[in-house]
Amino acid sequence: MEKEVGTVKHFFDKVQVAVIELSGTLSVGDKIHVVGSTTNFEQKIKSMQIEHKAITKAKNKDSIGLKVDDKVRPNDKVYLVK
């Protein structure tokens, strides 16, 4: 079962970091599924940041930086895998 929890706003190619605007909550250790027109992969969240500070949990309306395993694109959807 999957629940939409955010949208990719930006991707920093060199460091493989996505900026994600959240519409739900995410925690380190959660498994996410990123889907877009050419994007489709799952990964476990190893770390995330807000304003360059490490956090373990993020909530609705937070804008987080997340290290991703693959390239993502603006407007890709992020789902929490239960």
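1. Strands β2, β6 (48-50) and β9 each contribute at least two residues to the lining of the largest pocket. Strands here are DSSP runs of E with at least two residues, numbered from the N terminus. This is a predicted model: local features need pLDDT of at least 70, side-chain atom pairs count only at pLDDT 80 or more, and totals for chains, interfaces and linings use all residues. Residues are numbered from 1 along each chain as its sequence is written, and side-chain values use heavy atoms, with hydrogens and water left out.

2. The volume of the largest pocket is about 290 Å³. Its lining has 14 residues, and the closest to the pocket centre are Val17, Gln49, His52, Ile64 and Gly65. A pocket is defined on a 1 Å grid over the protein atoms alone, as an open set of points where a 1.4 Å probe fits, with protein on both sides within 12 Å along at least five of seven lines; lining residues have an atom within 4 Å of a point. Grid points are joined across faces, edges and corners, and the volume is the space filled by probe spheres set on the points.

3. Strand β9 gives the largest share of that lining, five residues. By type, the lining comprises seven nonpolar, five polar and two charged residues. In this division Ala, Val, Leu, Ile, Met, Phe, Trp, Tyr, Cys and Pro count as nonpolar, Asp, Glu, Lys and Arg as charged, and the others, Gly among them, as polar.

4. The largest nonpolar core has 19 residues, and Ile20, Leu26, Ile64, Leu66 and Val72 have the most contacts inside it. At least two core residues come from each of β1 (2-12), β2 (17-22), β4 (31-35), β9 (63-67) and β10 (77-81). A nonpolar core is a set of buried Ala, Val, Leu, Ile, Met, Phe, Trp, Tyr and Cys residues joined through side-chain atoms within 4.5 Å. Buried means under 20% relative accessible area, exposed over 50%, and partly exposed in between (1.4 Å probe, protein chains only).

5. Leu26 touches Val5, Ile32, Ile45, Met48, Thr56, Lys57, Ala58, Ile64 and Leu80, residues up to four places away in sequence being left out. Contact means heavy atoms within 4.5 Å. Lys57, in strand β8, touches Leu26, Ser27 and Met48 under the same exclusion of residues up to four places away. Lys57 counts as exposed because its relative accessible area is 56%.

6. Thr39 sits in the loop between β4 and β5 (40-44). It counts as buried because its relative accessible area is 4%. The Thr39 side chain makes polar contacts with the side chains of Arg73 (2.8 Å) and Asp76 (2.7 Å). A polar contact is a pair of N or O atoms within 3.5 Å; within protein, one must be able to donate a hydrogen and the other to accept it, and residues adjacent in sequence count only if both atoms are side-chain atoms. Beyond its neighbours within four places in sequence, Thr39 is in contact with Val34, Lys71, Val72, Arg73 and Asp76.

7. His33 lies in strand β4 and is buried, at 13% relative accessibility. Its side chain makes a polar contact of 2.6 Å with the side chain of Asn40. Among the residues that His33 touches, those up to four places away not being counted, are Glu2, Phe41, Lys77 and Tyr79.

8. Two residues deserve a backbone check. His52, in the loop between β6 and β7, has phi near 65 degrees, a positive value in a residue other than glycine. Lys61, in the loop between β8 (57-58) and β9, has phi near 80 degrees, also positive in a residue other than glycine. Most residues other than glycine have a negative phi. His52 is exposed, with 71% relative accessibility, and Lys61 is exposed at 64%.

9. Gly24, in the loop between β2 and β3 (26-27), is buried, with a relative accessible area of 7%. Apart from neighbours within four places in sequence, Gly24 is in contact with Val5, Ala58, Lys59 and Asn60.

Key. Helices (H or I, at least four residues) and strands (E, at least two) are DSSP runs, numbered from the N terminus.
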